Amino acid sequence: MSARTQGRVFGKRREPHIIIVAQGDNIRHVTVRPWMVALGVSFLGMMAIGYLGATTYLVLRDNLIGASMARQARMQHDYEDRIAALRAQVDRVTSRQLLDQQVVEEKVEKLLEQQMALSSRHGKLDTLVDRAEENGLVPEAAPLPTVKPEDGSQRASLSGGIGAIDRLLGKDSAEAEATPDNLTLAYVPLRQTAADRADRLFSTVTRSLKDIERSQLDRLQQLTIGATVVADEIDSILRKTGVRVDVASSAIADQQAIGGPYLDPQSPTDFDNSLDELDAALTRLEAMRSTAKRLPFANPAPGKPITSRFGNRIDPFFGRLAMHAGIDFSATTGSDVKSTGAGVVITASRSGGYGNMVEIDHGDGITTRFGHLSRILVKVGDEVAAGDLIGLAGSTGRSTGPHIHYEVRRHGDAVDPMHFLNAGMKLTSLVD
């Protein structure tokens, strides 16, 4: 108690704190100075502050790392979305190009089909035009397809369709090669596609082919109408002479040695129908002209006057009315006597009152007789054409002087030769 009281005496210096450390016989003591206490407190404060700072850093670092990872994740998603969009756009562009190429291929195929159709028609059309020209129906200049399509190896392929159309459109090959085909396509605005460009080209070509076909159809119709008109005129003249031409029978007669397996008929087109109509009209016209050239419509003695006509007359020998079955042409002995149509000689000899006579069968039951000849220049079985020399005029048989007796008979009955001579004058401009 006294020690404590003594320590508190005013003005007495306080004794420093001493730390005694004893280890066995060794005793150590450390005097604790104020600065040491301050240093220790400072150290502990720094440690506390460091601990608190480290703890705060560790806590905040997790948040920073999380935010950074979230930002990176967002950036990665954005890039992935962008890449997916680019890929989708590339796929769309690629798909569009493939579709364009397919469209181009289809259009090229259609053009080739149209070209081949026109070319396939060319042979038959050319034949019909030649037949029309032979029959005097001279056509105006009509466009005919002369360029045939190349073989299949020349057709545009899937990989070369765009290039082919670009070349047709005049596009430079370097420009075609410069078209991007990588990811940069996604950034290139969609320009006019090859299919769009090809549409205009194909439309132009198709219109051109349609114009050619329309022109051909118009010309076919003109030729058909012309052939029909001429055939009708010839038919009308032939009917007045009692001759009827059966075109169907003639066509069947001309079809020899034909055959083949039966196949269903093809669906006719307007062009095919026009070809068939022209073919039928030309066939009819040819049949009419063939009949007109074969039948006796020519004059047996051109330029010679007629001295006696067909019908009843006063017989020069009996002096009474008698039937004259033909026409007499004035002629000198030895004048040429020519066939008036094509046919086969069935009589070439002396025959009663006809004297030397030549009879020719022209078909369709029609025959001609040439009497009073001074000389016969053909024999039975000979085939003669209109204008062929068959004999010389004379006065053999029942005759009063040199002349040519000419008869036309149908199924054995005599008909007036003037009907045939007049018809022949009208047919001259239609047949020749």
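User: Which side-chain oxygen reaches the backbone nitrogen of M418 at the start of helix 8?

Analyst: That's one from D416, and the oxygen comes to within 3.0 Å of that nitrogen. Keep in mind that we're looking at a predicted model.

User: OK. And where does helix 8 bend?

Analyst: At M425, by about 35°. The helix covers residues 417–431.

User: Which residues of helix 8 are buried?

Analyst: Here's the list: P417, M418, F420, L421, A423, G424, L427, L430 and V431. On helices in general, there are 3.6 residues a turn, so residues three or four places apart point the same way.

User: Let's zoom out. How many helices and strands does the protein chain have?

Analyst: Eight helices and 14 strands. The chain has 432 residues, and 32% of them count as buried.

User: What about the surface, how much of that belongs to carbon and sulfur?

Analyst: 55%, out of an accessible surface of about 27,700 Å².

User: And what share of the contacts comes from residues 24 or more positions apart?

Analyst: 69%, counting contacts in the protein chain with a separation of 6 or more.

User: Switching to aromatics. How many pairs are there?

Analyst: Two aromatic pairs. One of them is F370 with Y406: the ring centres sit 5.2 Å apart and the planes are at 40°.

User: Why does that pair count as tilted?

Analyst: Because the planes are at 40°, and tilted is the class left over once under 30 degrees is stacked and over 60 is edge-to-face.

User: Which strands hold F370 and Y406?

Analyst: F370 is in strand 10 (residues 366–376) and Y406 is in strand 13 (residues 403–410), so the pair ties together parts that are 36 residues apart in sequence. Both F370 and Y406 are buried.

User: Then what about D364, what's its phi and where is it found?

Analyst: D364 also isn't glycine, and its phi is positive, near 60°. D364 is in the loop between strand 9 (356–361) and strand 10.

User: Is D364 buried, exposed or partly exposed?

Analyst: Partly exposed, because its relative accessibility is 43% and that class runs between 20% and 50%.

User: Next, T396. Where does T396 lie, and which residues is it in contact with?

Analyst: T396 lies in the loop between strand 12 (389–393) and strand 13. Leaving aside neighbours within four places in sequence, T396 is in contact with R350, Y354, G355, N356, H372, L373 and S374. The side chain of T396 also reaches the backbone oxygen of L373 at 2.9 Å.

User: So is T396 buried or exposed?

Analyst: Buried, since its relative accessible area is 17% and the cut-off is under 20%.

User: Other end of the chain now. How do strand 1 and strand 2 pair?

Analyst: In the antiparallel sense, over seven bridges, with strand 1 at residues 17–23 and strand 2 at residues 26–32.

User: Last one: how far apart are L125 and Q216?

Analyst: 8.9 Å in space, C-alpha to C-alpha, though they're 91 residues apart in sequence. L125 is in helix 2 (residues 34–134), and L125 is buried with a relative accessible area of 4%.

Definitions and conventions
Residues numbered from 1 in each chain as written. Predicted model: local features only at pLDDT ≥ 70, side-chain atom pairs only at ≥ 80, totals over all residues. Heavy atoms only, no water. Helix = DSSP H or I, 4+ residues; strand = E, 2+ residues; numbered from the N terminus. Buried < 20%, exposed > 50% of the residue type's maximum accessible area, 1.4 Å probe, protein only. Contact = heavy atoms within 4.5 Å. Areas by Shrake-Rupley, 256 points an atom, 1.4 Å probe, with all protein chains shown as cover. Phe/Tyr/Trp six-rings, centres within 6.5 Å; stacked < 30°, edge-to-face > 60°. Bend = angle between axes of the 7 residues up to and from the residue. Polar contact = N/O pair within 3.5 Å; in protein donor to acceptor, adjacent residues only side chain to side chain. Pairing = 2+ DSSP bridges.
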